[in-house]
Amino acid sequence: MSIPQGDATGPEPVDRAVGQRLRGLRRARGLSLEAIASSTGLSIGFISQVERGLSSPSLRVLALLADTLQIGIGGLFEPSPDEPDPDPIVVFRKDRPELQLWRAGITKQLLTPPGGTHGMSLFHMVLRPGASTGDEPFSHEGEEAGLVLEGRLTLVVEARTLRLAEGDSFRFESRRPHRFSNPDPHGQTIVLWVNVLGPTPAGSP
């Protein structure tokens, strides 16, 4: 998904691109706004505003919508329309699809070939100083893991508050309520983040 930078064009194009992608995925699956609202607990009006680019969805809302559409967060990144390779294996740095959660201060670049059917998505995530997914934890399908490449990360999983620094890594089931933030008011945080769809294998912690 080629999304204009918010600093240059304002936030509206970012929200509009995300909304158009969500609407396209919903319609492709033959789902009504009513069905999405019933599954997510979000109001029809709010979902409609998100699809029209009038509301900026949080990461929690995107996770809810991705679950309902039976895709991972990576499925919200639209493949490049001029991608010549019918079986893409490599994502070159210049071609990374990007998703900006400008209200949260988080930018996610998809490092794996985009598409809603893939079980694993690898992200390069940048959290601006003070960036956060919010005070309310969220959960979704699958499992996730990551490595802090730069800065600090506060990760809350259920009742546990974990403070990570450069070189620290993590793994947990995505169904466990979680949230995260960059506690540094001055420096950015960069995380290599993995999301995997599907149930966690039996016996996994």
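Trainee: Let's start with strand pairing: how many bridges join β4 to β9, and do the two run parallel or antiparallel?

Mentor: In this predicted model, β4 and β9 run antiparallel and are joined by seven bridges.

Trainee: Which strand, β3 or another, pairs with β9 over eight bridges?

Mentor: That is strand β3, residues 120-127, again in the antiparallel sense. Here Phe 123 stands opposite Trp 193 of β9. On burial, β9 is mostly covered, with six of its eight residues buried.

Trainee: And which strand pairs with β4 over five bridges?

Mentor: Strand β7 does, and this pairing too is antiparallel; β4 itself spans residues 143-150. Within this pair, Glu 144 faces Phe 172 of β7.

Trainee: How should I read the two faces of a strand such as β7?

Mentor: The general idea is that side chains in a regular strand alternate between the two faces of the sheet. In β7, residues 169-173, the covered face carries Phe 170 and Phe 172, while Ser 169, Arg 171 and Glu 173 make up the uncovered one.

Trainee: Where do these strands sit in the overall order of elements?

Mentor: The protein chain has five helices and nine strands. Along the sequence the pattern is α-α-α-α-α-β-β-β-β-β-β-β-β-β. Of the contacts between residues at least 6 apart in sequence, 66% join residues at least 24 apart. As for burial, 44% of the 205 residues are buried.

Trainee: What does the largest nonpolar core look like, and which residues have the most contacts inside it?

Mentor: Generally, nonpolar side chains in soluble globular proteins tend to be buried together. Here the largest nonpolar core has 39 residues, and Leu 153 and Phe 180 have the most contacts inside it. Its largest share, six residues, comes from α5. Leaving out residues up to four places away in sequence, Leu 153 touches a list that includes Leu 127, Phe 170, Phe 180, Ser 181 and Trp 193.

Trainee: Ser 181 is in that list; why does Ser 181 count as buried?

Mentor: Ser 181 counts as buried because its relative accessibility is 18%, and the cut-off is under 20%. Ser 181 is found in strand β8. Beyond four places in sequence, Ser 181 touches Leu 127, Ala 131, Ser 132, Arg 152, Leu 153 and Thr 154.

Trainee: What about the open spaces: how is the second largest pocket lined?

Mentor: That pocket has a volume of about 200 Å³. Its lining has 11 residues, with Arg 160, Leu 162, Arg 171, Phe 172 and Arg 176 lying nearest the centre. β5, β6 and β7 each supply at least two of the lining residues, and β7 gives the largest share, four residues. By class there are seven nonpolar, one polar and three charged residues in this lining.

Conventions. Residues are numbered from 1 along each chain as its sequence is written. This is a predicted model: local features need pLDDT of at least 70, side-chain atom pairs count only at pLDDT 80 or more; totals for chains, interfaces and linings use all residues. Side-chain values use heavy atoms; hydrogens and water are left out. A nonpolar core is a set of buried Ala, Val, Leu, Ile, Met, Phe, Trp, Tyr and Cys residues joined through side-chain atoms within 4.5 Å. Buried means under 20% relative accessible area, exposed over 50%, partly exposed in between (1.4 Å probe, protein chains only). Contact means heavy atoms within 4.5 Å. Two strands pair if DSSP finds at least two bridges between them. On a 1 Å grid over the protein atoms alone, a cavity is a set of points where a 1.4 Å probe fits but cannot get out, and a pocket is an open set with protein on both sides within 12 Å along at least five of seven lines; lining residues have an atom within 4 Å of a point. Grid points are joined across faces, edges and corners, and a volume is the space filled by probe spheres set on the points. Ala, Val, Leu, Ile, Met, Phe, Trp, Tyr, Cys and Pro count as nonpolar, Asp, Glu, Lys and Arg as charged, and the others, Gly among them, as polar.
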